[in-house]
Amino acid sequence: MTALVLLEIEHGEVRQASRSAVAAASRFGDVDVIVLGEGAEAAARLPGVRNVLSAASLTHDLAEPAAALLAAHTSGYSHVVAAASAGGKNILPRLAGLLDVQPIPEVVEIKDENTFVRPIYAGNALATVRSSDTIKVLTIRGSSFDPVSKEGGSATIQTLNAPATEDFSRFVRVELSKSDRPELESARVVVSGGKGMKDAEHFKLLEPLADKLGAAIGASRAAVDSGFAPNEMQVGQTGKIVAPELYIALGLSGAIQHLAGMKDSRVIVAINMDPEAPIFRVADYGIVGDLFTILPELEKAL
Amino acid sequence: MTMKVLVPVKRVVDYNVKVRVAADGSGVETQGVKMSMNPFDEIAIEEAVRLREKGAATEVVAVSIGVQASQDTLRTALAMGADRAILIRTNETLEPLAVAGLLKIIVEREAPGLVCMGKQAIDDDMNATGQILAAKLGWPQGTFASAVTIADGRAEIAREIDGGTEVISLALPAVVTADLRLNEPRYASLPNIMKARKKPLETLDAADLGVDLAPRLTIVSVAEPAERKEGVKLNSAAELVEKLKTEAKVI
């Protein structure tokens, strides 16, 4: 069996989540990779990669030409794998539609070549599913598979002729966030505020703490609904799902739908006035008290 | 000029319910559990209604695939402003591939200029139906949309990508999937809920539409994730920092 992995390149290097996808795919047998745009040389250096399919002329990751190109090159492959990134989640289900197979998203464990574990209900349950499709199309959650290293391989590079892009989908521009803060979903540390932050003005008090920790800032749905923070900061089942190394929840009670979005964090800290708040049930470390007293102390102690 | 927007909506376990895994490991308990419209589909309905209010669309048609009770979800869509609704009835749990197959039949019948749907359902978390539907129709797709502008037969879509926003331009007809930032859905007012009762709701049977509905995935088991260990309560910020440094080794 041979797997084909769709890689993503960032600043000339293969993204870590894509290297996790290579590691996951190696469970199925030989691994070939496909690179859209520049980056075939970096891909060829990944250990364990046999062959790099390079479509350098596809400059942007538009799903339509990408899925069409993949569909034209799946013959001989048992699995097509990508990281469950914004790109992977855009392209791979479209590929599955073209191949008429049911995709298997966000795989966190591979039982065998047909059987996969994936979270459902925002991680409140884990489903083990067995696929009967002849080609398995799956995205894997990067945090669940140790990535292969960047160097050590010497794969051959094969240049593909990309299909002509159609006018029906056009790239216009990309706006990368200017914030010096890391992205919520990839941050190593997340500082989150809930309704206990009182109002939008007080919510800003999280910023110096986040700056000190190099953290992203999150918010509960209650805080978002009360207008303390914009919706893009929402962590939870109806917001972003995060799993940082450290998650600090301040004035946040821990409603079920919020817990679903952060309970896979490695270390959870809760600071809340209410000793009965459900957030304490998932927290490794808790402090019961007034967060407006504790917050400056915490900043000072760091 | 007419421009119809088709909005698929799904009835799911309410986002505020703590789901419980069924004792036999076959799935999660849905008996007696509060059900609601998938939150991302509410955003899709809101966007479609706003497009009509702005004059960019002329009709909003909501469609749901599921058990008879999914008509409640459709009534919610109608109360939010959809003009009419279609229920495709089935008692089977369908996968995105089968759902996209059924939606393709409805798209061919209704000929919408835009399909606007939630990026994913919060039950199976597949995030796939919109993309599969676009592929099956041969239409372009704008997934994870945070802004939609319709002009001159095209849709300009701002998309949530890792690290920022990407803007793409799609020729209509197209499939758009709604992300969280697209809008804040309105609450249906009581008069609108009353009015929704009188709006047309057509019912079809999934089995009559000639689509292969057989699942490709067999559920082997559904299990609870590992419980977190009970933590410790600390007395001061200084103690917390100490623990984070020496015990958790995370800072």
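Guide: In chain A, 74 residues are in contact with 66 residues of chain B (contact: C-beta atoms, placed from the backbone, lie within 7 Å). This is a predicted model, where local features need pLDDT of at least 70, side-chain atom pairs count only at pLDDT 80 or more, and totals for chains, interfaces and linings use all residues. Residues are numbered from 1 along each chain as its sequence is written, while chains are lettered from A and ligands numbered from 1 in the order in which they are written.

Chain A's touching side splits into 38 nonpolar, 19 polar and 17 charged residues (nonpolar: Ala, Val, Leu, Ile, Met, Phe, Trp, Tyr, Cys and Pro; charged: Asp, Glu, Lys and Arg; polar: the others, Gly among them). Strands are DSSP runs of E, at least two residues, and helices are runs of H or I, at least four, numbered from the N terminus; pairing takes at least two DSSP bridges.

Now for the sheet. Chain A has an open one of 7 strands, paired in parallel, in the order 7-11-6-1-4-5-12. Strand 7 (104-107) and strand 12 (156-159) of chain A are its edges, each pairing on one side only. Inside that order, 6 bridges link strand 1 (residues 2-7) to strand 4 (residues 30-36) of chain A, and A:Leu6 faces A:Ile34 in strand 4 of chain A.

Conventions:
Two residues are in contact if their C-beta atoms, placed from the backbone, lie within 7 Å.
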